[in-house]
Amino acid sequence: MTRAIVLSDIHANLVALEAVLSDAPRGVALWVTGDTVGYGPDPADVLAALRDRDAFVVAGNHDLAVAGKMGVNEFNREAADAALLHRSLLSAEDRDLLGAMPLIATRDSFTLVHGSLRDPVWEYVLERSAARACLQRAETPHCCNGHTHIPAVFEWRDGRGSVVARQPREGEVIDLAKGRVLLNPGSVGQPRDGDPRAAWLEVDTEARTATFHRTRYDIPETQRRMRRRGLPPFLSERLAYGY
Ligand code: ZN
């Protein structure tokens with residue numbers, strides 16, 4: 001039995017991460033479904049904060065690119081520029097740590113992955129057929145992913161083999177006892193669902209609930225830090241719009 005908070009796509013946004021951690025319950029496990037670095041201003045401090053909290057972290061595409069485990073050819077210009085900057089900001093030790101993160105891991109009744117179980121690094125699960133393919137491959141009843149930066153619920157309806165998809169409301173509680181489900185907490189550091197607040201998920205495998213949360217943070221401060229780092233302006237501007 002576990003209580004945990006699930007974070008995804010923190011993207012080196014330390015100000016957002018600290019706001020979420022101070023909003024979240026204390027003394028619970030911390031699981032991260034990838035893209036800890038890339039885009040934002042504070043990759044080393046975010047990795048240190050996760051280490052301090054003994055977080056369990058799987059790798060995303062940005063993590064592998066910053067680690068040097070893959071190139072940046074598949075990235076758009078701004079993402080590639082940020083990934084290369086992050087390589088230079090991190091120690092060899094931090095880059096090795098990123099490169100050694102698992103792609104898929106199991107915690108309690110949850111499988112954790114960045115993209116999907118069909119393609120852990122790159123697949124965007126935005127619709128039901130992709131969610132079904134992911135849930136079919138899961139060896140646990142519950143999965144959490146990330147990568148899209150949009151909170152999502154995909155519920156498997158046994159018998160009919162159909163998957164129901166929806167965007168959760170803030171504060172919505174999912175009943176984990178109802179069966180197989182894929183949950184995307186949304187993004188801490190760069191939300192893309194039109195709500196600029198940091199998104200995160202709280203799970204309780206004893207009460208069998210998962211709750212979607214949003215937390216306000218100091219967006220102008222993150223933008224200032226990004227400008228100081230010389231990151232592409234588009235990456236800081238989009239934070240204000242949640243896109
Ligand atoms: Zn991401």
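Predicted model: local features only at pLDDT ≥ 70, side-chain atom pairs only at ≥ 80, totals over all residues.
**View 1. The largest cavity.** One cavity of 30 Å³ or more is counted. The largest cavity has a volume of about 50 Å³. Its lining is made up of H11, N13, Y39, G40, P41, G189, Q190, T222, M226, L235 and L239. Two helices, α7 (219–229) and α8 (233–241), each supply at least two residues of this lining. By class, the lining of the largest cavity holds five nonpolar and six polar residues, with no charged residue.

**View 2. The largest pocket.** The largest pocket holds about 220 Å³ of space. It is lined by 18 residues, and Y39, H62, N76, Y124 and R192 are the closest to its centre. At least two lining residues come from each of α3 (61–67) and α8. The largest share belongs to α8, with three residues.

View 3. The volume of the second largest pocket is about 160 Å³. L47, L50, R51, A55, F56, V57, L97, M101 and P102 form its lining. Two or more of these residues come from each of α2 (43–52) and β3 (56–57). With three residues, α2 gives the most. Eight residues of the lining of the second largest pocket are nonpolar, one is charged and none is polar.

View 4. Y39 lines the largest cavity. Y39 is also among the residues closest to the centre of the largest pocket. Helix α8 supplies at least two residues to the lining of the largest cavity, and three to that of the largest pocket.

Notes
Residues numbered from 1 in each chain as written. Heavy atoms only, no water. 1 Å grid on protein atoms, 1.4 Å probe; cavity = no way out; pocket = protein on both sides within 12 Å on 5 of 7 lines; lining within 4 Å. Points joined across faces, edges and corners; volume = space filled by probe spheres on them. Helix = DSSP H or I, 4+ residues; strand = E, 2+ residues; numbered from the N terminus. Nonpolar A, V, L, I, M, F, W, Y, C, P; charged D, E, K, R; others polar.
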